[in-house]
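Student: I would like to learn how to read a protein model. Could you take me through some features, one at a time?

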Number of protein chains: 2
Amino acid sequence: MNKAQPIGVFDSGIGGLSVLKQLIRFLPDEAYVYLGDTARVPYGNKSIETVKNYAKQCTEFLLNKNVKMIITACNTVSAVALEEVINTAGNTPVIGMIEPASEAALRQTVKGNVGIIGTRATINSDAYKKSIESKDIKNNVKIISKACPLFVPIVEEGIIRHPATRMIAEEYLSNLIKHNTDTLVLGCTHYPLMSDLFRELMPGINLIDSGEHAAVNALRILAENNLLKDNSENFSKRADVNFYVTDLPVLFDDVAKRFLGFDIKKPVIVSLPDKK
Amino acid sequence: MNKAQPIGVFDSGIGGLSVLKQLIRFLPDEAYVYLGDTARVPYGNKSIETVKNYAKQCTEFLLNKNVKMIITACNTVSAVALEEVINTAGNTPVIGMIEPASEAALRQTVKGNVGIIGTRATINSDAYKKSIESKDIKNNVKIISKACPLFVPIVEEGIIRHPATRMIAEEYLSNLIKHNTDTLVLGCTHYPLMSDLFRELMPGINLIDSGEHAAVNALRILAENNLLKDNSENFSKRADVNFYVTDLPVLFDDVAKRFLGFDIKKPVIVSLPDKK
């Protein structure tokens with residue numbers, strides 16, 4: 001592997017763009033390949049065997065694009081199929097969403113009250129809870145999990161600042177607020193877009209953005225393996241990302257811009273498994 | 001130099017704790033030595049020669065503590081005396097506040113409208129403006145600077161959520177808002193504590209926290225030089241920081257906790273220049 005190779009990021013859909021955004025923030029000079037399996041999204045309600053199969057196909061697709069690292073931006077894959085990705089990737093390092101965020105939550109909580117929010121599938125899998133508990137060697141932490149199924153459609157519809165969204169968020173978060181949650185794990189790629197609202201409803205909260213901590217992890221691993229691209233002196237250059245999707249969703253451009261904060265190149269539509 | 005050595009951070013006062021907070025967030029396993037020159041704060045209204053002299057003394061103090069890297073958390077020192085720190089530090093790498101934040105601002109702005117806020121001294125020095133302009137090779141960026149002298153006392157008095165603070169912030173930021181600023185450089189160590197208010201008044205703003213970008217830079221430089229401490233598996237361990245101040249300010253513990261989010265060890269009072 002060498003420095004010039006791109007970093008691969010995959011997700012069941014477009015939510016992984018919030019992870020890509022954090023990667024670009026910390027590693028602006030890298031090239032990226034983003035794959036969104038938009039034809040088969042969401043993965044959360046599929047069987048574990050099927051998710052493993054899809055994750056394997058996504059990983060193989062990225063390996064064919066000659067990536068030097070794979071970021072599993074999808075929480076469902078990170079929860080139930082990370083081993084599959086790691087085994088498929090061979091020597092290529094793999095970073096999931098759950099470990100880095102769990103470690104950050106344990107480090108940042110002061111009162112020991114950690115909240116986890118995610119889709120119903122992620123919360124039901126207990127992946128974050130188990131990960132945090134396994135690392136909490138002093139048994140200091142109390143965890144409250146809450147599935148927030150309406151947040152994904154709210155973000156995709158772009159009604160984050162609607163008063164109804166605030167009402168829904170107040171209801172979802174009420175038990176966490178009542179129990180003095182001081183650290184909130186955003187266990188879904190869509191939730192970082194709602195951070196301002198969470199900060200308003202939970203003043204002083206430590207928000208744990210899985211994508212951010214995955215990006216820091218990526219920086220560390222690449223640097224330690226001498227695989228970081230050299231810093232460019234051209235700070236006006238926009239991020240170098242090639243987008244691939246398995247289906248072009250309606251409003252893709254708008255939603256992508258909302259996630260990333262800038263316009264993107266037209267995505268290329270591909271089939272999985274990759275026939276090339 | 002070796003991995004086990006601490007990272008040194010200095011500031012004219014306690015504001016640098018916001019930078020330390022970011023360092024701990026990205027590099028939780030490192031040991032830190034923090035020096036606040038609280039007997040001589042603020043540096044902003046002193047002559048350049050005096051600031052250089054103080055900066056040299058702070059650097060020598062940290063070198064005596066056997067640090068492997070020096071973070072100049074003070075914006076005034078970063079603006080007018082970074083060369084002095086670098087020259088004094090010899091082989092020890094030095095990171096200031098201005099370069100990393102300037103690069104991040106250029107990278108993150110979409111509309112090209114960058115705002116810079118800071119103390120009167122920092123804004124009058126034009127250090128951020130000059131740095132951004134020198135890196136803006138395509139001449140894409142319009143910069144609006146605004147001194148916000150009341151924000152430091154507001155943060156230290158802990159009245160960030162007071163309605164008067166909102167009124168003052170609205171006035172300070174009005175010209176930036178009018179000119180569609182999309183990226184705001186927080187050119188003072190105290191301002192990250194006001195981030196929620198800035199986000200409320202400027203929805204969708206890219207906030208550039210100098211401490212955060214300095215921390216990412218530190219991670220990268222340490223990793224590339226094989227000086228990163230190994231990851232600990234004890235995630236409940238609190239950060240290992242030794243605090244030194246040249247004077248113990250009233251309410252130091254309260255203010256420090258507000259900056260860092262957790263209680264700190266009692267600071268040791270020292271004299272500069274260090275006589276040891």
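Student: In which helix do Lys56(A) and Glu60(A) both lie, and how many residues apart are they?

Tutor: Keep in mind as we go that this is a predicted model. Both Lys56(A) and Glu60(A) belong to helix α2 of chain A, residues 48–64. They are four residues apart, which is about one turn of the helix.

Student: What do Lys56(A) and Glu60(A) form?

Tutor: The general idea first: side chains of opposite charge can pair when their charged atoms come close. Here, Lys56(A) makes a salt bridge with Glu60(A), and their closest N and O atoms are 3.1 Å apart. Over all chains, the structure holds 34 salt bridges.

Student: How many salt bridges are there between chain A and chain B?

Tutor: The count between the two chains is six. Take the side chains of Arg25(B) and Glu212(A), which meet in a salt bridge at 2.6 Å, N to O.

Student: How many residues of chain A and chain B are in contact, and what area is buried between them?

Tutor: On the chain A side 39 residues are in contact with 40 residues of chain B. The buried area is about 3400 Å², and carbon and sulfur atoms give 52% of it. In chain A, the residues that lose the most area to chain B are Arg107(A), Arg220(A) and Phe235(A), together 25% of what that side buries.

Student: Now helices. At what angle do α5 and α7 of chain B pack?

Tutor: Two packed helices are described by the angle between their axes and the distance between the axes. In chain B, helix α5 (residues 98–108) and helix α7 (residues 127–135) pack at about 55°, with axes 9 Å apart. That angle makes α5(B) oblique to α7(B). The crossing of α5(B) past α7(B) is right-handed. The residues of this contact divide into seven nonpolar, two polar and three charged.

Student: Which peptide bonds are cis, and where is phi positive in a residue other than glycine?

Tutor: Most residues other than glycine have a negative phi, and most peptide bonds are trans. One cis bond joins Leu272(A) and Pro273(A), with omega about -5°; Pro273(A) sits in the segment after β10 (268–269) of chain A. Another cis bond runs from Val41(B) to Pro42(B), with omega near -5°, and Pro42(B) lies in the loop between β2 (31–36) and α2 (48–64) of chain B. As for phi, Asp126(B) has a positive value near 60°. You will find Asp126(B) in the loop between α6 (120–125) and α7 of chain B.

Key. Residues numbered from 1 in each chain as written. Chains lettered and ligands numbered in written order. Predicted model: local features only at pLDDT ≥ 70, side-chain atom pairs only at ≥ 80, totals over all residues. Heavy atoms only, no water. Axes fitted to C-alpha atoms, helices over the stretch in contact; angles between N-to-C directions. Helix = DSSP H or I, 4+ residues; strand = E, 2+ residues; numbered from the N terminus. Parallel < 35°, antiparallel > 145°, perpendicular 65-115°, else oblique. Left-handed = near helix turned anticlockwise from the far one by under 90°. Nonpolar A, V, L, I, M, F, W, Y, C, P; charged D, E, K, R; others polar. Contact = heavy atoms within 4.5 Å. Buried area = accessible area lost by both parts, 1.4 Å probe. Salt bridge = Lys/Arg side-chain N within 4 Å of Asp/Glu carboxyl O.
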